[in-house]
Amino acid sequence: MTRKLPIGIQGFEGLRKDGYVYVDKTEYIYRLVHEGKPYFLSRPRRFGKSLLLSTMKAYWEGKKELFAGLAIEKLEENNPDAWKSYPVFYFDFNGTNYQNKTALEDIIDEQLRRWEKDFHIDVKEKVSLGERFRDLMTEAANQTGLRCVVLVDEYDKPLLDVIDHQELQEHNKEVFKGFFSTLKSFDEYIRFIFITGVSKFHKVSIFSDLNQLKDISLTKKYAAICGISESELQTMFGQEIRFLAEEQGLTQKECLNTLKKTYDGYHFYPNSSGVYNPFSLLNAFADGEFGSYWFETGTPTFLIQQLRNNQFDVRKFTDQTIFSSESTLKDYTGESLDPVPFLYQTGYLTISDYDAKRKRYTLSFPNEEVRYGFLESLMPSYVPKATAGNGLDIFTLDEAIESGNLEQIRNVLTGLFDGITYTLETDPFEHYFQAVIYLVFTLLGKFCQCEMHTYTGRIDCRVQTRDFIYLIEFKRDDTAQEALAQIDSKDYALPFVADSRKLYKIGVSFDTESRKLKDWAVAE
């Protein structure tokens, strides 16, 4: 029987009552509850934050029946104070378009009105949102005899949605300042606070006012609080793994290896075990194929523009040279020109290594879904002509390489560079040259074995198919013959002496002044 997978299900109560598969994260909730601090957690979108908060909400509302058979049921069995029904104020900032100037105030007002009705509070005229929340918590605590629980889901959406609209973003920051400052001065009425988001805007008062807020985003014991670990995958989804393997004609071991390289690899603490993106993993099980699901909503335009404007060396994405400190990874002001912390917080990059002596993190793509999806989203910005159907796309290049059509390979590369529009002052040719070559051949690696190297003394690009091997050296303002000579002088072909496949050595020269592919030479 096919099991019900919770794709897009963010409500814990409905998930449990309707019989969906649930990966038990309640041990983490038990730990958080009994440590009792105000918490903040940053995780990428579609990573299970909303379900986590919904589960907390059900716990604090005392809905014990929903937790039958879960870890927290046993952990709380000797606790006489467990399963009380606390007043819970769950602020959900998802699902609203914040382009309207009063959108944030409207959504807060709507949620406050619902709770004010529940506690029979008459709202006075000209009372601020912050004052209303203060009165609400006071009354709720007095009526129930229990302190309040405050859960805030995706607090930063009203800020991220208007990141290109500085005036509106500042307005929303001021709204938050007036509203959440209440949390600092009303400790006596608050039992528990948990806030989630993608980014931590450290200049937002929700963090400066709540200076006791515990940020667990890079904490070892909470590294797997969202997402699906390897052990959870194999323990909980054996049936789905077998189905996917059968659909794809793979052994279970091959299926697990493909799942791992496609959706695993997120690390939220140095040297921790990787976790899978739950949204992509569940969709793959449901569809019976290894699709690209996380990118359905696309990459933010402002992020692509920021990478291009800052002349970010895109080759760093795969050559292990993106470094960061812990403070940089945790804090994103919204004003910084450095895209790295935002790339990490939004899930495009993850921790791949850590130098404890230097206290320096190394970042890279977590998996192939993110690698290829992100680079595909960058392509139109760097190579606007590379659209499917015009003969200048990755598919056409792949077909030419698979068939050994050297003339078509040259035509595609020439066409990709021909007429690229950019401003010389802000986008120097060297930056464009390196970025386009990297993007084209890294994306080509999705279809055939293609390696781009960026270190001196190694071939620029090596492409292997079933029948052919291509060794390609690129030069700027030099001759194609010089490129070929380097392939020979460095013995780049030596590892393939005994290989039966046809080997082509290709020298490619680009001209800085004309900004075009100038010269091309081939040797066998």
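A salt bridge is taken here as a side-chain nitrogen of Lys or Arg within 4 Å of a carboxyl oxygen of Asp or Glu. The structure is a predicted model, in which local features need pLDDT of at least 70 and side-chain atom pairs count only at pLDDT 80 or more, while totals for chains, interfaces and linings use all residues. Residues are numbered from 1 along each chain as its sequence is written, and side-chain values use heavy atoms, with hydrogens and water left out.

By the salt-bridge rule, the count comes to 25. One of these pairs is Asp-109 with Arg-132, whose closest N and O atoms are 2.6 Å apart. Asp-109 belongs to helix α5 (residues 103-118) and Arg-132 to helix α6 (residues 129-144), so the pair ties together parts that are 23 residues apart in sequence. Helices (H or I, at least four residues) and strands (E, at least two) are DSSP runs, numbered from the N terminus. Arg-132 has a relative accessible area of 8% and is therefore buried; buried means under 20% relative accessible area, exposed over 50%, and partly exposed in between (1.4 Å probe, protein chains only).

Arg-466 and Asp-467 also form a salt bridge, with the closest N and O atoms 3.4 Å apart. Arg-466 counts as exposed because its relative accessibility is 71%, whereas Asp-467, at 34%, is partly exposed.

In a further salt bridge, the side chains of Lys-505 and Asp-488 meet at 2.8 Å, N to O. This pair links distant parts of the chain, since Lys-505 is in strand β14 (residues 502-511) and Asp-488 in helix α21, 17 residues apart. Lys-505 is buried at 12% relative accessibility, and Asp-488 is partly exposed at 42%. Elsewhere, salt bridges that share partners join Glu-13, Lys-17, Lys-57, Glu-61 and Lys-63 into one network.

Helix α21 (residues 480-489) also holds Glu-482. With a relative accessibility of 44%, Glu-482 counts as partly exposed.

Leu-250 is placed in the loop between α11 (238-248) and α12 (252-263). Its relative accessibility of 28% makes Leu-250 partly exposed. Apart from neighbours within four places in sequence, Leu-250 is in contact with Ala-245, Cys-255, Thr-258 and Phe-290, where contact means heavy atoms within 4.5 Å. Between Leu-250 and Glu-289, the separation is 39 residues in sequence and 11 Å in space, C-alpha to C-alpha.
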